[in-house]
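Visitor: Could you take one part of this model and look at it closely for me? I would like the cut-off behind each term to be stated as you go.

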Amino acid sequence: MSTPSKKVFVASRLPKNTGVSGWVAMLPARQAKLRLEGHITADVVVIGGGFAGLSAARRIMELDPTLDIAVLEAGVIGEAAAGRNSGFIIDLPHEVSSEDYGGDSTTRSREAIEISRTAIALAGTVAQEQGWGREIFDPCGRYSVAISDEGDRHLVDYAKGLVKLGEKHQLLNAREIADVTGTNTYTSALFTPGTIMVQPAAYIRGVADSLRDPVRIFENTPAVQLENAGRGWFVKTPQGSISTGRIILANNGHAESFGFFKSRLLHVFTFASMTREFDPSRLPGQRKWAATPALPMGTTVRRIQGQAGDRILIRSRYTYHHNIEASETTLRRAGAKHDQKYHARFPQLPDVPMEYRWGGAMALTWNSVPAFGEIEPGLFAACGCNGVGATKATANGIAAADLMLGVKSRLTEIFARFDAPKSLPRQPFRTIGAKANLAFREWRAGGE
Ligand SMILES: Cc1cc2nc3c(=O)[nH]c(=O)nc-3n(C[C@H](O)[C@H](O)[C@H](O)COP(=O)(O)OP(=O)(O)OC[C@H]3O[C@@H](n4cnc5c(N)ncnc54)[C@H](O)[C@@H]3O)c2cc1C
C-alpha cells in the first residue's frame with residue numbers, strides 16, 4: 001500500500017500592523033490569552049482571530065458545542081484590521097454607484113443583503129449576550145454623503161435602486177444633512193437605517209470573549225506551517241504544534257503567504273486618523289453620526305461621542321502592497337490627506353489635531369468573490385473580505401463553518417454559486433495596474 005505524499009505549506013510572511021489604532025487606545029488594557037506552547041490536539045483549528053475566524057469559531061460552537069476548537073491569532077485580538085476599521089457593519093452593498101442595482105442584478109443584490117444580514121444577526125446575538133450599550137454596538141444607521149453633482153446623482157440613482165428592492169431610506173438635502181453633521185460640506189445625503197455602528201476593537205474582543213470552553217484562543221501564536229500526510233493536519237507555531245482533523249483558514253490576505261489563492265488576492269491597505277477629544281459645544285449637529293462617501297474611494301467620516309468629549313474619525317486613501325505591509329511613510333502621506341479632508345469639512349475645529357493614525361490590510365479579488373471553500377481535503381478557506389469585512393468576512397466565517405460541518409444553509413447555497421477568484425495579471429503588471437487603478441479612482445472621487 002502506498003502512503004499518500006506529504007503536503008507542506010509554509011508561511012512566507014506574517015502580518016504587521018502599521019500605526020496605533022485609536023479604537024484600541026481608547027479601551028482599557030486587556031490581558032492577551034496565552035501563546036501556544038507544546039503539542040495539543042483539537043477537532044478544528046481556526047487560523048486568524050478577525051471577523052472571519054472568530055465568527056467561524058462562534059458558529060461551530062453553536063452548531064456542535066462538543067467540538068474542541070483552537071483559534072490561533074498571530075498577534076493580539078483587536079490589533080489587526082478587524083479591530084482597526086471604521087466600525088460600519090453595513091447591510092447594503094457599499095458602492096452606491098454600483099451597477100448592481102440594474103434590473104437583471106436585483107437577485108444578486110438581494111442575496112448580498114441576505115449575506116450581510118446573516119452577519120448582522122450574529123453580531124446582534126453577541127451584543128445581546130455581552131449586554132453592550134450603544135457606545136459599542138449602535139443600530140443607528142448610516143448616511144451616504146455627497147459633495148459634488150456627481151455624488152448627488154449617484155445618491156438619487158441609488159435611492160431608485162432601493163425603492164426597487166423595497167429597502168427603507170431617506171434622501172436629505174444640504175441643509176438637512178448639515179443639521180446632522182454640523183458641517184456645510186455636504187450637498188446631499190441618503191440615510192439607510194440598517195447599518196450597525198460598532199467600536200470595532202471592543203466588538204471583536206467581545207466576539208472572542210463570547211467563545212466558551214472547549215474553544216481555546218491562543219494569541220501571539222501565528223500558524224507558520226501546515227502539513228498534511230493524509231491522516232489529518234499538523235499545524236506548527238513558533239513554540240508549539242497542533243494535530244487536528246480540520247482547519248479553517250481565516251487569515252484573509254495572508255492565505256497567499258501560505259501559497260493559497262496565488263495571484264488571486266489584491267492586497268490593498270486603507271488608513272484612518274482620529275482626533276483628540278474636543279468640547280462637543282464647538283461643533284453643532286448630532287453628537288454621533290456615521291457617513292460613507294457617495295462615490296467609491298471617497299472619505300468616510302464618523303463623529304464619536306465620548307464622556308470626556310467627542311472625536312472625529314477620517315478614513316481615506318487606498319494603497320496597494322504586494323508584500324502585505326504598509327510603511328510608516330505611506331501612513332504619514334495618508335495622514336496628510338486626512339488632515340486636508342478634515343480641515344475642509346470642519347473649519348470650526350482648526351486647533352483640534354489628530355491623536356491617532358493607523359492603516360490596515362484588506363484582501364480584494366478581481367471579481368469581488370470571496371476566497372472560499374474546501375481548498376485541500378479538510379482545509380476550508382474563509383478569506384478575501386473584499387473591503388467590507390465586518391459583514392463579508394463574518395459571513396465568510398459562518399459559511400465556512402456550515403460547509404465544514406455539512407450544514408445546508410442559505411449562506412452555503414449562495415456561496416456555492418460564487419465563481420472562484422479570478423487570476424490577476426502577472427507581476428510587474430499587477431502592481432502597476434493596481435496602483436494606476438487606485439490612483440485613477442481616487443482622482444475621480446475628488447473631494448468626496
Ligand atoms: C482603516 C480601515 C477601515 C475599515 N473600515 C471598515 C468598515 O467600516 N466596515 C467594514 O466592513 N470593513 C472595514 N474595513 C475592512 C475590514 O477591517 C476588513 O475587511 C476585515 O477586517 C477583514 O476581516 P477578516 O477576518 O477577513 O481579516 P482580518 O480582520 O485581517 O483578520 C485576519 C486575522 O488573521 C491573523 N493572521 C494572519 N496570518 C496569520 C497566521 N499565519 N496565523 C495566525 N493568525 C494570522 C491576523 O493577525 C488577523 O487578526 C476597514 C479596514 C481598515 C484598515
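Guide: Let me begin with E325, which is partly exposed at a relative accessible area of 35%, where buried stands for under 20%, exposed for over 50% and partly exposed for what lies in between, computed with a 1.4 Å probe on protein chains only. The model is a predicted one, so local features need a pLDDT of at least 70 and side-chain atom pairs count only at pLDDT 80 or more, while totals for chains, interfaces and linings use all residues. Residues are numbered from 1 along each chain as its sequence is written, and side-chain values rest on heavy atoms, with hydrogens and water left out.

The partner of E325 is K16, and the two form a salt bridge in which the closest N and O atoms are 3.5 Å apart; the term requires a side-chain nitrogen of Lys or Arg within 4 Å of a carboxyl oxygen of Asp or Glu. K16 sits in the loop between β1 (7-10) and β2 (18-19), whereas E325 sits in the loop between β18 (309-320) and α7 (328-345), so this pair ties together parts that are 309 residues apart in sequence. K16 itself is exposed, its relative accessible area being 51%.

A second pair to examine is R410 with E114, whose side chains meet in a salt bridge at 2.7 Å from N to O. This pair, too, links distant parts of the chain, since R410 belongs to helix α9 (residues 410-416) and E114 to helix α3 (residues 106-130), 296 residues apart. R410 counts as partly exposed at 35% relative accessibility, and E114 is also partly exposed, at 31%.

R410 meets E413 as well, in a salt bridge of 2.6 Å from N to O.

Elsewhere, K6, E227 and K236 are linked in a network of salt bridges. For the structure as a whole, the count of salt bridges comes to 23.

Conventions. Helix = DSSP H or I, 4+ residues; strand = E, 2+ residues; numbered from the N terminus.
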